[in-house]
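Thanks for making time this morning.

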Amino acid sequence: MSDRNILVLGASGLIGRFVTDDLRARGFRVVAIARRFSASQKATALDLEMPVMSMDVAALARLIRDHEIEIVVNCLGVLQDGPGSDVSAVHRDFVERLLGAIGTSGRAVRLVHVSIPGAASEDRTAFSLTKREGERLIVTSGLPYAILRPGFVIAPQAYGGSAMLRALAALPVDLPAAESATPFQPVAVEDIAATIAWLVSRDIGDATVNAVTWDLMQPQPVTLGGVIEQFRRALGTAKYPRIAPPAFLIDLGAKLGDFASWLGWMPPLRSTAIGELRRGVTGDPHPWMTATGIVPKTIAQVVGQGSATIQDKWFARLFLLKALMIASLTLFWTASGFIALFVSFSAAAGMLSAHGFPPSLVAPFTIVTSLMDMSIGVLIALRRTCAYGLIAGILASLGYMVGTAILMPDLWIEPLGALIKTGPAIVLMLVALSTLDNR
């Protein structure tokens, strides 16, 4: 089997990364493609960073020919539109180009496409509608294919929705009754990887697996509340008292998540995620189980195999607090600069004058530092520049502390302790900087 060459698209994602590592461990040669890998993900020379979404049919066909690919595993997907994310471009247009590339590559290639479960008649979001359009293109292409429709994916790594469920399980909050009762059949990422490995081992001429669509999930019915309860047992929080926020707060959180996505963040709580959550995750895994002989792990087996590690507990507790940290630091810096510049300019300038600051520099210095504070807030708010903003905030805070110690030492003992509080603010920025990684 190890002579098979496999191309994995979207190899930096939750499923794509696990599948890549699993296939390599089984001895296959895997060319892993992603727009960007984290430093810890890029393990071999075959982990290639490429602008795959901008590649045309000819470029994709050349990639397949150059690496003598026999299996293409497409794990690409985005939740909803935003900066750098276009659901139609990823789920439909790219699939169309990929099919054209496979057809013109001159090679016999099977496409394994990771999609979503559910009936097409229930699709309502742009995410699910475009996913289904991609499926239809594949089915009518005439090429060998296997469409995999995994349920809610449970993996050792936490990302997106699975990270949010871990966070909910760690905190003293519960979902409203309607959302908690939503059908929510999960699947272990190991079972997805085992399925793809099984497909890779099949000959390209095996007609029994050259036009299949399978739901991948545990057959036992379970609700969203039941999935969260399994995480609570693992985290040791099952007996915590909880409050259930009203449904409108969830919708408000989704709107805030939508806004954050336009700043470059990828929060799991967005309108599309809530729409898909309320729809539920259901399917019929028996055709998949019969064909492959795979017995899917249950949520109890995946999550309930042992108690959570300390890193699991820390992550779950900090995940939602990360958004609160970024939001509060953004507000802290922008508000402090705005107040000094527009609300209390005279008081800020008067403080400098009272401590012997050169009169000609008082106004310019107040304006520059106020604009600097607001700029730091804007940098922190944007995902692409957040790290730079946090570092700038730490350096600016240290500069303020040193400068006041030299020029205005009496401020260190003023009753409200404004400068003393700068120290904890620096610590908060260090914590935020330490938790910026998503993968």
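If we leave aside its neighbours within four places in sequence, L329 is in contact with I380, L390, L428, M429 and A432, where contact means heavy atoms within 4.5 Å. This is a predicted model, in which local features need pLDDT of at least 70 and side-chain atom pairs count only at pLDDT 80 or more, while totals for chains, interfaces and linings use all residues. Residues are numbered from 1 along each chain as its sequence is written, and side-chain values use heavy atoms, with hydrogens and water left out.

L329 lies in helix α13, and here helices (H or I, at least four residues) and strands (E, at least two) are DSSP runs, numbered from the N terminus. With a relative accessible area of 2%, L329 is buried; the cut-offs, for a 1.4 Å probe and protein chains only, are under 20% for buried, over 50% for exposed, and partly exposed in between. L329 and G393 stand 64 residues apart in sequence, and their C-alpha atoms are 9.2 Å apart in space.

Stepping back to the whole protein, there are 17 helices and nine strands, and the C-alpha atoms fill a box of roughly 85 × 55 × 40 Å along the principal axes. Of the 439 residues, 48% count as buried. Among the contacts with a separation of 6 or more, 76% come from residues 24 or more positions apart.

Helix α13 also brings us to a pocket. Which elements give two or more residues to the lining of the second largest pocket? On a 1 Å grid over the protein atoms alone, a pocket is an open set of points where a 1.4 Å probe fits, with protein on both sides within 12 Å along at least five of seven lines, and lining residues have an atom within 4 Å of a point. The lining has 30 residues, of which M351, D373, Y400, T404 and L419 are the closest to the centre of the pocket. The elements asked about are α13 (310-343), α14 (345-354), α15 (359-381) and α16 (386-407). By class, the lining of this second largest pocket has 17 nonpolar, 10 polar and three charged residues, with Ala, Val, Leu, Ile, Met, Phe, Trp, Tyr, Cys and Pro taken as nonpolar, Asp, Glu, Lys and Arg as charged, and the others, Gly among them, as polar.

Let me turn to charge pairs. Side chains of opposite charge can pair when their charged atoms come close. A salt bridge here is a side-chain nitrogen of Lys or Arg within 4 Å of a carboxyl oxygen of Asp or Glu, and by this rule the count comes to 18. In one of them, E133 and R92 meet at 2.9 Å, N to O. E133 lies in helix α4 (residues 126-139) and R92 in helix α3 (residues 87-104), so the pair ties together parts that are 41 residues apart in sequence. E133 is partly exposed at 25% relative accessible area, and R92 is partly exposed at 28%.

A second pair is K297 with D191, whose closest N and O atoms are 3.8 Å apart. This pair links distant parts of the chain, with K297 in the loop between α11 (286-292) and α12 (299-303) and D191 in helix α7 (residues 189-201), 106 residues apart. Is D191 buried or exposed? D191 is buried, at a relative accessible area of 4%, whereas K297 counts as partly exposed at 30%. There is also a network of salt bridges that links D123, R132, E135, R149, E276 and R279.

I will end with a backbone detail. Most residues other than glycine have a negative phi, and most peptide bonds are trans. Phi of E68, however, is near 50°, a positive value in a residue other than glycine. E68 sits in the loop between α2 (57-66) and β4 (71-74), and at 45% relative accessibility E68 counts as partly exposed.
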